[in-house]
Amino acid sequence: MPEAPRLARGLLFRHHRDPGEERTACPAMAEAERKTNYDRRGKGKVILFFPTPAYGHYRIELGLAIAVVAAPLEGRYDLHLVDERVTLDYEGEVLRHLDDAVCVGISSITGYQIKRGIAMARKVRRAAPDVPIVWGGYHPSLFPEQTCRSQACDIVCVGQGDVTFSEIVDRLASGESLEGVQGCAFWTPDGVVVNEPRPLVNINEVLPAPYHLLDVERAIELNQRENHEKIRTTEYHSSQGCPGKCGYCADAQLFKRHWTGLAAERVVREVVDLVKRYDLDQVNFSDANFFANQKRVKAICEGLIESDIDIRWVASARPDTFHRYKPEVLELIRESGCKRIIVGAESAAEPVLDLIQKGATAEDHLKSARVCRDYGIGATFTFITGFPHPPGTPPQETTQDLLEFIEKLKQIHPDIRTKIFVFTPYPGTPLYDLAVSYGMPEPRSLEEWADYNPATMKESRWVQPGERRMIEKVNGFYLPFAYPDSNMQRKLAHGRKKWPYRLMHKLARVRARTGFYALPVEWLLFKTLKKETFEPIA
């Protein structure tokens, strides 16, 4: 591809529409009618929209992505943060403020969230075609030029958004050009301009997320009502990035394997404030790798203990890191209220772990399981099935291999839960490139990416429908009954349901010992009565 001409200290990409692009383009506006002057002088509102991230029924995690970018704007603009899952009349809440809007911001990861973001962008276009639409988040950051070519987008905020989005809004509100704004891409009649990237900012310099701009109470209420949660819980983000180089993870591409964490004192102060303000029972740390720094974790745990708040917390860990923690720190982790760690195991087969550059072994998984058992900490191990392999060759890890390893984990510690995800390649990662080289079709526009759903895609060229059913049946029903956790043990011991549960337990134990899962009458009966399994495949 020839080098594109330079413009605005960035790169100008001239428009080249794919043959099918017009079929998916926004019907409300032709290319010639797109906005060419982003002058929003005299406007004072900023609307930030968080689309539903995944199709189907999932637990609601707060849209902290739009809260973080709103923080530098607070007090200077009239902010309206709208979450499609939480905000009552979310569509009306966006549209009624367009007359005085500087812009509408949309946050998105790859997949279904793009679809919902495009749907809202089209409504904005029809109602107010002069209002610029700014996209941000993982996917637009990986494909800024392609995203800007969509008529659902005018501007892309690339990478960390707190500084960049604030500068974009200020430029729009003052009628200034977006030329030279680091970490910004924008559409022009001559092509898409992609400015030079903005260097990563230490998150200790980032303002705290303004939770009061989000409807935290309604999110808690919905999770209690729809997901049957018995506790009040919300999310908190204490670090950014991960030093790992996992070949399936977009974090390594966006943050260049650089990890930075908030100071322990700030974490404790903000968590204690959240617990008291919203009367929380639990805080979920949404970090990619909360346990990256043992010294910081120790200080956070000590601070939580000294604060004398009654709180439980959950966080993610790498399997090769957690079991190496010092005993005195593990004691503090338990004492400070750690209810459960989320361990990204991904696979138990060494060839697969090498392929994905996990940097951990199956033995690391088992050691972390033993540590959790010994220190009374719950754990959820997540696995991925269906990693790409050359056409015509067998997988390096079969479904049966994976389920047998999961049984080993549950034998070590029954309070271990397991979730199995079907591999869907994330753009910008080495495994995405590998999957494309093995024949996976590659989306060519924002609209095509909208139908590419990593969270819930039911089809995979590397996972057959029968394997999906086997995973749901064994991991989601038989193993939890065969190796009951503390909650299941209570049901087996007490209450009017103890006898049917005991029968299920005995049948499941026999099947687990023999490996015979054909004719699963009890599973089908349970699904009919309960309408769910314990550990669904996603």
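Modeller: The questions and answers that follow concern a predicted model.

Biologist: How many disulfides does the structure hold?

Modeller: A disulfide is a covalent bond between the sulfur atoms of two cysteines. To be counted here, a pair of cysteine sulfur atoms must lie within 2.5 Å. By this rule the number of disulfides is zero.

Biologist: Which cysteine sulfur is nearest to that of Cys372, and how far away is it?

Modeller: Cys372 has a relative accessible area of 0%, so this residue is buried. Cys372 takes part in no disulfide. The nearest cysteine sulfur, at 7.9 Å, is that of Cys338.

Biologist: Is Cys103 buried or exposed?

Modeller: A residue counts as buried when its relative accessible area is under 20%. The value for Cys103 is 0%, and therefore Cys103 is buried.

Biologist: How many salt bridges does the structure hold?

Modeller: A salt bridge requires a side-chain nitrogen of Lys or Arg within 4 Å of a carboxyl oxygen of Asp or Glu. One of these pairs is Arg59 with Glu229, at 2.4 Å from N to O. The total number of salt bridges is 28.

Biologist: How many residues apart in sequence are the parts that Glu229 and Arg59 tie together?

Modeller: The side chains of Glu229 and Arg59 meet in a salt bridge. Glu229 belongs to the loop between α8 (216-226) and β10 (233-236), whereas Arg59 belongs to the loop between β3 (45-50) and α2 (64-70), so the pair joins parts whose separation in sequence is 170 residues.

Biologist: Which residues are linked with Glu229 in a network of salt bridges?

Modeller: Glu229 is buried, at 18% relative accessible area, while Arg59 is partly exposed, at 25%. The network of salt bridges links Glu229 with Arg59 and Glu235.

Biologist: Why are Arg171 and Glu167 separated by about one helical turn?

Modeller: Arg171 and Glu167 form a salt bridge, with their closest N and O atoms 3.5 Å apart. Arg171 is buried at 18% relative accessible area, and Glu167 is partly exposed at 25%. The separation is about one helical turn because the two residues stand four residues apart in helix α7 (residues 161-174).

Biologist: In which helix do Arg266 and Glu270 lie?

Modeller: The closest N and O atoms of Arg266 and Glu270 are 2.7 Å apart, in a salt bridge. Arg266 is buried at 12% relative accessible area, and Glu270 is buried at 14%. The two residues are four residues apart, and thus about one helical turn, in helix α10.

Biologist: Which residues gather in a patch of negative charge on the surface?

Modeller: Asp281 lies in the loop between α10 (264-278) and β13 (282-285) and is partly exposed, with a relative accessible area of 32%. This residue belongs to the patch of negative charge. The patch is made up of Asp279, Asp281, Asp308 and Asp310.

Biologist: What is the phi of Asp279, about?

Modeller: Asp279 is found in the loop between α10 and β13 and is exposed, with a relative accessible area of 53%. Although Asp279 is not a glycine, its phi is positive, at about 50 degrees.

Biologist: What is the phi of Gln357, about?

Modeller: Gln357 is found in the loop between α14 (350-355) and α15 (362-374). At 35% relative accessibility, Gln357 is partly exposed. Gln357 is not a glycine, yet its phi is positive, at about 55 degrees.

Biologist: What accessible area do Phe516, Leu519 and Val521 have together?

Modeller: Leu519 lies in the loop between α21 (498-514) and α22 (521-530). With a relative accessible area of 67%, Leu519 is exposed. Together with Phe516 and Val521, Leu519 forms a nonpolar patch on the surface, whose accessible area is about 350 Å².

Biologist: How far apart in space are Ile341 and Gly378, C-alpha to C-alpha?

Modeller: Ile341 lies in strand β15 (residues 338-346) and is buried, at 0% relative accessibility. In sequence, Ile341 and Gly378 are 37 residues apart. In space, their C-alpha to C-alpha distance is 6.4 Å.

How values were computed
Residues numbered from 1 in each chain as written. Predicted model: local features only at pLDDT ≥ 70, side-chain atom pairs only at ≥ 80, totals over all residues. Heavy atoms only, no water. Buried < 20%, exposed > 50% of the residue type's maximum accessible area, 1.4 Å probe, protein only. Patch = residues over 30% accessible without salt bridge, like charges linked within 9 Å, V, L, I, M, F, W, Y side chains within 5 Å. Areas by Shrake-Rupley, 256 points an atom, 1.4 Å probe, with all protein chains shown as cover. Lys, Arg positive; Asp, Glu negative; His and termini not counted. Charge placed at Lys NZ, Arg CZ, Asp CG, Glu CD.
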